[in-house]
Every structure is written in structure tokens, then in C-alpha cells.
Amino acid sequence: MSSSSSLKVAVLGAAGGIGQPLSMLLKLSPHVDELSCYDIQGTPGVAADLSHIPTKSQVSGFVPSPGSWPPRGNEGLGEALAGASVVVIPAGVPRKPGMTRDDLFNTNASIVKQLVEGCAEYCPDAMLAIISNPVNSTVPIAAEVLKAKGVYNPKKLCGVTTLDVIRANTFVGNHMGVDPSTIDVTVIGGHAGITILPLFSRVPGFSASPEALEVMTVRTQFGGDEVVKAKAGSGSATLSMAYAGYLFTENVLKGLKGEKITQCSFVESSITDSPFFASPCEFGPSGVEKILDFGELTPYEKAWFDKMMPDLKTQIQKGVDFATK
């Protein structure tokens, strides 16, 4: 890994709907020294375009190496990843109306498996931030790939659930009539539908009728559907997801530089009986340094918790089974 004084971030899937705005936000980050953009096509153009933005980071763009005989590894991916401190993976296909995150499974599972194999080979010490859905399954896939290559470090593998947090912040801020940027809702569980559990009861000054609480909870769980529907077949949440991915990566970088940062993330965890779970985590120079317990739940939250756990475990196992078949 590059020294903490010089940080390289690689974005895999950088020419896509999330990847382009995410790469642009990372180009603006004062914590990024080198930004590496990789995708199956279009990344040299994305990188050339970003390179004109006057910030300190150097930008490069890579596509897969053309096939050769004798076969060589994917040198494009190798160059993109070499020396990376953080790898953010938004690669994959977006959701279309009527698709669940699970329908995406087969395509995105294969893409994540392939890219994480590259990470295991070219930057085994990097922090991996997985955005590709279904996160509840793609993070366990990544873990199995890294284990098989002998380079798995649970402190260095995260599923990005920050979009659930910023949606919850927005909805509760609007409900309370306060600036949503001042709110930080703890969101636990996973990153799909009912596995997303926002703990609104923890927000100072929050009160709501049972009906309003239900509406906000379900809207946080299914906010993605709202965007898929509004985009009418042209894609899913890309801009808000890019912002969430940027916030998450920025916090990881601050942690690597020695700042103590707490943010929610979907990680290997023993605080419940689910092998992976999203909860507040302390980030630092070695990655996820501490997984924090989420404390007492209200009866309303406990009901959702009990409802989600079987689903979450099933989705995790689906990823494990895919990676180990």
C-alpha cells in the first residue's frame, strides 16, 4: 500500500452512472493524491476530462488489456490497482423498473468476483469499498475470493451503506424542519429493502406519530425504488449514490491518515448472529478498527430487526455459495 502521506484511490466501474460522478467528487477531494479510473470502456476519456479540473490529484484511466497469446493477466486492471490505498467498486449493471437488487445478482456477482480477484493480486492491502448491488451478497463474495487467495483482512473489506444513511438524514431533517446536513442517523442491518433499519429514535429532538415513523422507515428502505420509478427505465440512484460513495471514501481516507472516524458500514461482524452486519464502525490507519454495538432498540425497531435477520442471512449465504461453488 502506498504510504499514508500519498494516497491512491482506484474506482472500478468509473465510466458508469455512479462511477463518473463519484470519480469527479474524488477528483475534488484534498485527500486523494492519485485517482485511477478503470472500466471496460470509456475510462481514458473520463480521465482526460477529469484531468482538467485544477486539483492536486493526478488522474489516469485504464481499460482491460486486449487479449494476447501467450495469455497475460489483465494489465489494464493491474496498472489501475497497483499501489492503491482504497479501491471503490461501483461496477455492474443498474437496476431497471421491476427488478429487485437480487435480480441483479448473477451479473454483478460475476463482475465483483473478477474485480476482487484483481485486487487480491495487485493491491492485497488496499481497503475495498463495495457499492455494486446486491451489497448483502457481493461483500461476502469478495470475502470468499480474498480468503481463497490468502489475503483476506476483515478490517479492509466494507460494503457501502452510506446511501441509506443520507436518505434517512434527508427524510428526518425534512420531517423535523431542520437542515438535513446536521443530522446523522444510525442505520443498521444490510443494504436492501427490509434489511435496512434506520434508528430514528436516536436522533436528538425527534418525535413522530407511528404512521409518520413507518412512512420514513419504509421510504429509507425502498428509496431506491422511488428513484428507479422516477427515472422510468433510464437507470437507478446514481448521483445520490455517487455522493454517498464519496462521503464513505473520504472518511476512509481520513481514517488512514490517522483521524478517528465513525461511520456505518456493512462488515464482517460478531455483534449479531449474522456473519456480516452494518453498524457504526470506527475507522483508522488499519481500516475498520472497531465495530460498535448499536445498543438497545425500541419495540418498533426490534420488530423490524427480527423481521430482517432471516432475509439478511439468506442473502449473505447466497453470496458465499456463489463464490465457493
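Predicted model: local features only at pLDDT ≥ 70, side-chain atom pairs only at ≥ 80, totals over all residues.
Colleague: How are helices α6 and α9 turned to each other, roughly parallel, roughly antiparallel, oblique or roughly perpendicular?

Modeller: Start with the numbers: α6 (residues 162-176) and α9 (residues 239-256) pack with their axes 8 Å apart, at an angle of about 110 degrees. Angles from 65 to 115 degrees count as roughly perpendicular. So α6 and α9 are roughly perpendicular to each other.

Colleague: Which residues of α6 meet α9?

Modeller: On the α9 side, the contact takes in Ser240, Met241, Tyr243, Ala244, Leu247 and Phe248. By class, the α6 and α9 contact has seven nonpolar and two polar residues, with no charged ones. From α6, the residues are Thr162, Leu163 and Ile166.

Colleague: Which element gives the most to the lining of the largest pocket?

Modeller: That pocket has a volume of about 890 Å³, and 43 residues line it, with Gly13, Pro90, Ala91, Gly92 and Val93 nearest its centre. The elements that give two or more residues to this lining are α4 (105-122), α6 and α8 (223-230). With eight residues, the one that gives the most is α4.

Colleague: And what is the volume of the second largest pocket?

Modeller: Its lining has 20 residues, and Val165, Ile166, Asn169, Ile183 and Asp184 lie nearest the centre. Helices α6 and α9 each give two or more residues there, and so does β9 (261-268). The volume of the second largest pocket is about 460 Å³.

Colleague: How many charged residues line the largest cavity?

Modeller: The largest cavity holds about 70 Å³ of space. Its lining includes Cys119, Leu146, Asn153 and Lys156. By class there are eight nonpolar residues and one polar, and the number of charged ones is one.

Notes. Residues numbered from 1 in each chain as written. Heavy atoms only, no water. Axes fitted to C-alpha atoms, helices over the stretch in contact; angles between N-to-C directions. Helix = DSSP H or I, 4+ residues; strand = E, 2+ residues; numbered from the N terminus. Parallel < 35°, antiparallel > 145°, perpendicular 65-115°, else oblique. Contact = heavy atoms within 4.5 Å. Nonpolar A, V, L, I, M, F, W, Y, C, P; charged D, E, K, R; others polar. 1 Å grid on protein atoms, 1.4 Å probe; cavity = no way out; pocket = protein on both sides within 12 Å on 5 of 7 lines; lining within 4 Å. Points joined across faces, edges and corners; volume = space filled by probe spheres on them.
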